[in-house]
Amino acid sequence: MHRILNISAFFCALGLLFSSTAMGFDIRKPVSKEVFLGYGQDSTLKNNDEEYVHFTAALDLSYPFAEAGMWRNFQFQLEPFLSFVASPGDNAEIGCVFFIKYTLPLNFPVKPYLRGGSGVILLTQETEEQSTLFNFASQMGYGLSCETKDIDIFVEYRNRHVSNASIKHPNDGLDSYIWLLGIRGLF
């Protein structure tokens, strides 16, 4: 999974680099804001019988690549987030991830989408897998958006890999799966 997430982050960065319209966005004026709440879990930690469990709150700020043409279904997204780590101890995560999102152009209220990206994350939970508190989070998300008259609702599944890019060893990483529920349109 780690390799897939690194490849997706690379292609997202490459897409940004070659999209001149994305480079011209005004960070103060996102076209939409989405709020997500989620649950994430990692496999059993080394030398610990508990799993790494976290509850996440995130705000996605979306910026379109283009209004028309080949890039109209792509968005650049900034996602600042805060997570409460419930297991193996009470701790927190805070960070910001940069995503490239692609929504399948269907003429139907329910639309599937993919997004991938990477960013920074600070972990207060000490684990044997990670030797640093400052790390990088690479993620790949698969979701459905349901458009209604007043709001849009999102259901998303993500794979997340957290590691320190071999800054210090050990660097086994934490691989989580995350379920998210989101909403857009009330703010």
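**Salt bridges, strands and a patch**

Modeller: Let me start with a pair: the side chains of E93 and R160 meet in a salt bridge, at 3.0 Å from N to O. E93 belongs to strand β4 and R160 to strand β7, so the pair ties together parts that are 67 residues apart in sequence. This is a predicted model, in which local features need pLDDT of at least 70, side-chain atom pairs count only at pLDDT 80 or more, and totals for chains, interfaces and linings use all residues. Residues are numbered from 1 along each chain as its sequence is written, and side-chain values use heavy atoms, with hydrogens and water left out.

Colleague: What makes a pair a salt bridge?

Modeller: The rule asks for a side-chain nitrogen of Lys or Arg within 4 Å of a carboxyl oxygen of Asp or Glu. The structure holds ten salt bridges.

Colleague: How do you know that E34 forms a salt bridge with R184?

Modeller: The closest N and O atoms of E34 and R184 are 2.9 Å apart. Here E34 lies in strand β1 (residues 32–44) and R184 in strand β8, so the pair ties together parts that are 150 residues apart in sequence. Another salt bridge joins R158 and E79, at 2.7 Å from N to O. R158 is in strand β7 and E79 in strand β3, 79 residues apart.

Colleague: Are E93 and R160 buried or exposed?

Modeller: Both E93 and R160 are buried, as are E34 and R184. Buried means under 20% relative accessible area, exposed means over 50%, and partly exposed is in between (1.4 Å probe, protein chains only). Of the 187 residues in the chain, 46% count as buried.

Colleague: Why is C96 called partly exposed?

Modeller: C96 has 22% relative accessibility, so it counts as partly exposed. C146, at 30%, is partly exposed too.

Colleague: How many disulfides are there?

Modeller: The count comes to zero. To qualify, a pair of cysteine sulfur atoms must be within 2.5 Å.

Colleague: What makes the nonpolar surface patch?

Modeller: L82, I94, V120, L122, L133, F134 and I167 make a nonpolar patch of about 620 Å². Patch residues have over 30% relative accessible area and no salt bridge; like charges are joined within 9 Å, and nonpolar side chains (Val, Leu, Ile, Met, Phe, Trp, Tyr) within 5 Å. L122 has a relative accessible area of 38%, which is over 30%, so it meets the area condition. L122 is found in strand β5 (residues 110–123). Areas come from the Shrake-Rupley method with a 1.4 Å probe, and for residues only the protein chains shown count as cover.

Colleague: How many helices and strands does the chain have?

Modeller: It has two helices and eight strands. They are DSSP runs numbered from the N terminus: helices are H or I with at least four residues, strands E with at least two.

Colleague: How many bridges join strand β7 to β8?

Modeller: Eleven bridges join strand β7 (residues 152–163) to β8, and the two run antiparallel. Two strands pair if DSSP finds at least two bridges between them, so these two pair. D152 stands opposite R184 in β8.

Colleague: Which residues does a cis peptide bond join?

Modeller: S87 and P88, with omega at about 15°. P88 is found in the loop between β3 (74–87) and β4 (91–103). As background, most peptide bonds are trans.
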